[in-house]
Amino acid sequence: MDNLIFIIFSMAFVTYLPRLIPFLVLTNKKIPARLDAFLKCIPVAAIGALIIPGVFTATPDMPIAGIAGIAFTLVFGLWKGGIIIPVLGSVVVTYLMFFL
C-alpha cells in the first residue's frame with residue numbers, strides 16, 4: 001500500500017512539473033508575438049484531434065448529428081474560444097440531434 005501511494009504522488013509530481021516550470025520561468029517575461037500566435041492555435045488543434053476522428057463513427061446511423069456537433073464546436077470555438085465548452089457542447093448537440 002505504501003508503494004502505491006508513492007507511485008500516485010510520483011505520477012502527480014511528474015505530470016505537474018512540466019506545467020509548473022514554464023509558469024515559473026516565464027512569469028515576468030514577454031512572449032514573442034509569433035510564439036503567442038502559435039500557442040493560441042493549440043486549443044483549436046486539440047479540438048480537432050479530440051472530436052473529428054470519432055464524429056462519424058460515434059453515430060454511424062445518423063451522420064447529421066455528428067455534423068451538427070462539429071458545426072457547434074466550430075462556431076462556438078471561433079466565437080468564444082476555449083476547449084471545454086465547445087467539446088461538451090458538441091456532445092450535447094450530437095445527443096439532442098440523435099433523439100430529435
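Me: At roughly what angle do the axes of helix H2 and H5 cross?
Reply: This is a predicted model, in which local features need pLDDT of at least 70, side-chain atom pairs count only at pLDDT 80 or more, and totals for chains, interfaces and linings use all residues. Residues are numbered from 1 along each chain as its sequence is written, and side-chain values use heavy atoms, with hydrogens and water left out. Helices are DSSP runs (H or I, at least four residues) numbered from the N terminus, and axes are lines fitted to C-alpha atoms over the stretch in contact, with angles from 0 to 180 degrees between N-to-C directions. The axes of H2 (residues 33-51) and H5 come within 10 Å, and they cross at roughly 25°.

Me: Are H2 and H5 roughly parallel or roughly antiparallel to each other?
Reply: Angles under 35 degrees count as roughly parallel, over 145 as roughly antiparallel, 65 to 115 as roughly perpendicular and the rest as oblique. With axes that cross at roughly 25°, H2 and H5 are therefore roughly parallel.

Me: How many nonpolar, polar and charged residues does the contact of H2 with H5 have?
Reply: Contact means heavy atoms within 4.5 Å, and here Ile47, Leu50 and Ile51 of H2 meet Pro86, Val87 and Ser90 of H5. Ala, Val, Leu, Ile, Met, Phe, Trp, Tyr, Cys and Pro count as nonpolar, Asp, Glu, Lys and Arg as charged, and the others, Gly among them, as polar. By class, this contact of H2 with H5 has five nonpolar, one polar and no charged residues.

Me: Is H4 roughly parallel or roughly antiparallel to H5?
Reply: The axes of helix H4 (residues 63-79) and helix H5 (residues 84-99) come within 8 Å and cross at roughly 150°. That angle makes the arrangement of H4 and H5 roughly antiparallel.

Me: How many residues of the contact of H4 with H5 are nonpolar, polar and charged?
Reply: The contact is made by residues including Ile64, Ala65, Phe72 and Phe76 of H4 and Ile85, Pro86, Val93 and Met97 of H5. Taken by class, the residues of the contact of H4 with H5 divide into ten nonpolar, seven polar and no charged.

Me: Which residues form one aromatic cluster?
Reply: Rings of Phe, Tyr and Trp (its six-membered ring) pair if their centres lie within 6.5 Å, and planes under 30 degrees apart count as stacked, over 60 as edge-to-face and the rest as tilted; the structure holds three such aromatic pairs. Phe72 and Phe76 form a stacked pair, 5.6 Å centre to centre with 15° between the planes, and both lie in helix H4, four residues apart, about one turn of the helix. Phe72 is partly exposed, with a relative accessible area of 27%, whereas Phe76 is buried, at 18%. The one aromatic cluster is formed by Phe72, Phe76 and Trp79.

Note on methods: Helices (H or I, at least four residues) and strands (E, at least two) are DSSP runs, numbered from the N terminus. Buried means under 20% relative accessible area, exposed over 50%, partly exposed in between (1.4 Å probe, protein chains only).
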